[in-house]
Amino acid sequence: PAARPAPPPRAAAGRPEAGGPDTRAVTIARQVEAVVEDTARKVAPLLERRLVAYHGPDWLTVVNRRRREAGHKPGRRLRDFRFCLAVLGHDPATQGWANRDCRRAALDLNRLAFDAVHRGTLTVPDLERARKTAARLLANLPAG
């Protein structure tokens, strides 16, 4: 049997040219994820009050039914930052409550979060875009 090639030296294993992950891109992706999580943490209590006012105390069942009908996975709680932002961006309870710029920013942040979680290949401009989008979302978020 053919011998396996020796693994790269430990110090080189994390470098992209050695076949390891691009640690800078992974770090940026984690920073983007942190921006999105922090934003969703601020959104969640206000959004939950809105969902209860619009859908009633069983809002999660109503939201998940609509999500399933649209071909999306159900969510469990608004502490899941991607679920929180998707609900803010798409649920009818937020139409007329959150303005269009707020809802669009939620969806933009959600896309960046998806890329951060699944691809991890974000750049410094992506991180800056996440920060600006989060600020835009929070500036347009209704008070209650």
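The second largest pocket is lined by Val63, Arg66, Arg67, Ala70, His72, Ala86, Val87, His90, Asp91 and Pro92. The model is predicted, with local features requiring pLDDT of at least 70 and side-chain atom pairs pLDDT 80 or more, while totals for chains, interfaces and linings use all residues. Residues are numbered from 1 along each chain as its sequence is written, and side-chain values use heavy atoms, without hydrogens and water.

**Second largest pocket**
- This pocket, an open set of 1 Å grid points where a 1.4 Å probe fits, with protein on both sides within 12 Å along at least five of seven lines, has lining residues with an atom within 4 Å of a point.
- Its space is about 170 Å³, taken as that filled by probe spheres set on the points.
- α2 (59–69) and α3 each contribute at least two lining residues; helices are DSSP runs (H or I) of at least four residues.
- The lining comprises 5 nonpolar, 2 polar and 3 charged residues, with Asp, Glu, Lys and Arg counted as charged, Ala, Val, Leu, Ile, Met, Phe, Trp, Tyr, Cys and Pro as nonpolar, and the others as polar.

**Largest pocket**
- The volume of the largest pocket is about 520 Å³.
- Of its 16 lining residues, Arg67, Arg82, Phe83, Ala86 and Asn110 lie nearest the centre.
- At least two lining residues come from each of α3 (81–90) and α4 (100–118).
- This lining divides into 5 nonpolar, 4 polar and 7 charged residues.

**Cysteines**
- The whole structure contains 0 disulfides, defined as pairs of cysteine sulfur atoms within 2.5 Å.
- Cys84 is buried because its relative accessibility is 0%, where buried means under 20% relative accessible area with a 1.4 Å probe and protein chains only.
- Cys102 is likewise buried, at 0% relative accessibility.

Note on methods
Buried means under 20% relative accessible area, exposed over 50%, partly exposed in between (1.4 Å probe, protein chains only).
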